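Student: Here is a single protein chain that I would like to go through. Can we take it in questions and answers?

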Amino acid sequence: MTPVCPFVKASRPDDGPSRKPGDCPIKHGAEHEGGGRAKKEYSGESATVSPKCPFGYDSQTFKLGPLSCMICQALLFDCSKCVPCSHVYCKVCISRFKDCPLCGADVEKIEADTDLQSVVDRFIDGHARIKRSHVDMDKEEEVGENKKVIYEDVSMERGAFLVQQAMRAFRAQNVESAKSRLGLCAEDIRGRIETVGNTSELCSQLGAVLGMLGDCCRAVGNAGSAVTYFEESVEFLSKLSAADLEITHTLSVSLNKIGDLKYYDGDLEAARSYYMRSLNVRRDAIERHPSVPSQTLDVAVSLAKVADADRSVGNEDAARDRFHEAIKILESLTLKPEEAGLEQRRLSVLEFLKNQLTENV
């Protein structure tokens, strides 16, 4: 699952002038999970204050608290208690162990802890919720010496929090937990879309979350549901500006993932169609941003996918042409010393492409 958090530094669509039109909410990956906001509103005398969770959970720091599973390090899901030691974990997580990871006691049996799970569910439902649709200067709270504190609605911070918890669970192979958190997140965004319409910000957020849900379904072998989620992700991302590299990259990846699922299912023509759509998105991106080397690598990868599909349906000449085109693109790509990671990827893809040609001589 691609670790991209689309909520970082994102404000509500109706938050006023704090966000420039056209700004993209997806700007970096999971290693930058966070979205704290503190800004001056006017005359240096007013500040926006983000609410703080009493348990210390937030979307900015890696926090483990009393409601966390110590195995997957995400919030408890399907909370289960070890007998006899009474330590609690997610059911999926503790089912892999014979001894309690915390105390080492033999796990004689596992019992559902519905009371604690209900506390966790109520906590998630209320986390970071302050009902305030927009900054209203007439309803500011006076806090002494004429300084004013504006408490904003922070449902987007809730989104970042849910995505963070989902990614932790997914990395620990607790897929059902990840799906549950992502489902809540998608529900939040759909509710906002019903209220304010298909804004660029909300469509990009929903497209990213749907893609993550597709990854969850794919991880457990549910190809049909994965395709459904990826296709819906493509639908929302296709509504956005093709000038944004993060959006076009996410869109092309979703198209490729659908192509992969179709390919493994034996529907080679459908797979080629999706690979070609992804290639076209990436060709358009490289025309708009010719100096971004990662776009060149993406185009080469897409050419390889289309070529592989061509070969699988018996069109060897077309396949060889695309492999040669991808090789030419990569051999002409010059990277800077600080782009060592991209250079390693370039060499790896280049070796694969050359092997594809020599193996079929």
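This is a predicted model: local features need pLDDT of at least 70, side-chain atom pairs count only at pLDDT 80 or more; totals for chains, interfaces and linings use all residues.

Tutor: Residues are numbered from 1 along each chain as its sequence is written, and side-chain values use heavy atoms, with hydrogens and water left out.

Student: Which element has the lowest mean pLDDT?

Tutor: pLDDT is the predictor's confidence in each residue, from 0 to 100, and the protein averages 78. Strands are DSSP runs of E, at least two residues, and helices runs of H or I, at least four, numbered from the N terminus. Strand E3 (residues 88–90) has the highest mean, 96. The lowest, 41, belongs to strand E6 (residues 148–150).

Student: How far apart are the end C-alpha atoms of residues 69–103?

Tutor: UniProt, in an unreviewed entry, places the feature "domain: RING-type" at residues 69–103; such annotations may be inferred rather than shown by experiment. The stretch is 11% helix and 23% strand, and its end C-alpha atoms are separated by 14 Å.

Student: How are H4 and H5 oriented, roughly parallel or roughly antiparallel?

Tutor: The axes, lines fitted to C-alpha atoms over the stretch in contact, of H4 (residues 175–196) and H5 (residues 200–219) come within 9 Å and cross at roughly 155 degrees. Angles run from 0 to 180 degrees between N-to-C directions, and those over 145 count as roughly antiparallel, under 35 as roughly parallel. Therefore H4 is, relative to H5, roughly antiparallel.

How values were computed:
Angles under 35 degrees count as roughly parallel, over 145 as roughly antiparallel, 65 to 115 as roughly perpendicular and the rest as oblique.
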